[in-house]
Amino acid sequence: MKRKYGAVAAASLGLALTLTACGSDDGDDSANDSGGSSDGKIGVILPDTESSVRWESADRPALEAAFKAAGVEYSIQNAENDAEKMAQIADSMIADGVTVLAIVNLDSASGAAIEEKANSQGVATIDYDRLTLGGSAEYYVSFDNAVVGELQGRGLADCLGNKRANIVYLNGSPTDNNATLFAEGAHSILDPMTNYTVVGEQAVPEWDNEEAAVIFQQLYTQADGKVDGVLAANDGLGGAAISILEGNGRAGDVPVTGQDATVEGLQNILAGTQCMTVYKSATLEANALADAAIALVNGEDAETTATTKDSESGREVPSILLTPVAITVANVGDVIDDGGQKLEDVCTPDFADACAAAGLE
Ligand code: BGC
């Protein structure tokens, strides 16, 4: 039976409050023997530290909080953008007795291999944030990533208005299924708007921010500088485009999108060099992962919101898909109110005036 996720979140919050009282532990971020009431142990492998600051600054603390609240043992490690290393971490987590392994794959093939091996040893797997094509995860926990792209497309159109405009797309890594969905979502909104012309589009390998700047400079030059808007897939890529626009005296004139509601992204929005970002609450995503993992530990079905078709195998993967939120200068405060960022991190002295103008104090 499937229910709406909100009900599950509320139910598991009650559970979490009860279990917290059982006592937990020391704040160790890589191995936690919390002595909670669940017999299982959950392993999570994050992808890297540079494709987005989110993994270490938002996901890790949110996951720690979710597992501690649930009183379940956990280990969270980071593969540092090395698929070999991710496979080794998975092996050592399995040897260490994890009962559920959640990964953010670096590419589908290496992710699928990890999942197959885990399954063959009786360890259930979950795709966290990125769907592993051809994989065997029991659950996929993420946001609705096509909607993320739609919000970016609509956000860019709102910033550009009805004029004729040339758009450059700076897409995410070609090995990340999410990047495909973001680009498809954005195109689905912008392509029917015939006043816009795509004058450049490229995927950025591994979401590498430095390479993104080089790629954007090339696309900008090829377009003779006639670029009016940039659909950048996340805040890091947006920041790269903004740095090149700055060098060309165009920052602030050319709207740029983003994603992840990072400190940098929000500051760029306040400064007027970025048009919007997409906020995806790490707390919601981490809690959803904890709920799904604990259900697996207990041999129960997790509450899902949808199924997602794996475009490689055709498998319908039971999914928990959360709702992303578009953020512009008008609602930066919502991210802060939700605990997505801290006011003092965003409103540093350099941004004091912009924060005051946006009503953030
Ligand atoms: C995530 C984004 C993130 C990007 C780079 C995507 O799979 O959904 O939030 O910005 O990877 O790490």
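These legends go with close-up views of the ligand and the cavities in a predicted model.

**View 1. The residues around the ligand.**
Start with the ligand and its neighbours: 14 residues surround the ligand, and the closest are Ser51, Arg54, Asp129, Asp176 and Asp260. Sorted by class, the shell around the ligand has six charged residues, five polar ones and three nonpolar ones.

In aspartate 176, a polar side-chain atom sits 2.6 Å from an oxygen atom of the ligand. Arginine 130 has a side-chain N or O atom 2.8 Å from a ligand oxygen. For tryptophan 55, the distance between an N or O atom of the side chain and an oxygen atom of the ligand is 2.9 Å. As for cover, the ligand on its own has 310 Å² of accessible area, and the protein covers 100% of that.

**View 2. The ligand's place in the largest cavity.**
The ligand takes up the space of the largest cavity. Which elements give two or more residues to the shell around the ligand? They are α2, spanning 54–70, and α6, spanning 177–190.

Rolling a probe the size of a water molecule over the atoms shows where empty space is left. Searching the whole structure turns up two cavities of 30 Å³ or more. The volume of the largest cavity is about 110 Å³. Its lining is made of 14 residues, and Arg54, Trp55, Arg130, Trp207 and Asp260 are the closest to the cavity's centre. Two or more lining residues each come from α2 and α6. By class, this largest cavity is lined by six charged, five polar and three nonpolar residues.

**View 3. The second largest cavity and its lining.**
Now for the other cavity. How much space lies in the second largest cavity? About 30 Å³. Gln152, Leu170, Asn171, Gly172, Ala179, Phe182, Ala183, Leu231 and Ala233 line this second largest cavity. Both β6 (165–171) and α6 supply at least two residues of that lining. The largest share, three residues, is from α6. The class count for the lining of the second largest cavity is six nonpolar residues, three polar residues and no charged residues.

Definitions and conventions
Residues are numbered from 1 along each chain as its sequence is written. This is a predicted model: local features need pLDDT of at least 70, side-chain atom pairs count only at pLDDT 80 or more; totals for chains, interfaces and linings use all residues. Side-chain values use heavy atoms; hydrogens and water are left out. A residue is near a molecule or strand if one of its heavy atoms lies within 4 Å of it. A polar contact is a pair of N or O atoms within 3.5 Å; within protein, one must be able to donate a hydrogen and the other to accept it, and residues adjacent in sequence count only if both atoms are side-chain atoms. Accessible areas come from the Shrake-Rupley method with a 1.4 Å probe; for residues, only the protein chains shown count as cover. On a 1 Å grid over the protein atoms alone, a cavity is a set of points where a 1.4 Å probe fits but cannot get out, and a pocket is an open set with protein on both sides within 12 Å along at least five of seven lines; lining residues have an atom within 4 Å of a point. A molecule sits in a cavity or pocket if more than half of its atoms lie within 2 Å of its grid points. Helices (H or I, at least four residues) and strands (E, at least two) are DSSP runs, numbered from the N terminus. Ala, Val, Leu, Ile, Met, Phe, Trp, Tyr, Cys and Pro count as nonpolar, Asp, Glu, Lys and Arg as charged, and the others, Gly among them, as polar. Grid points are joined across faces, edges and corners, and a volume is the space filled by probe spheres set on the points.
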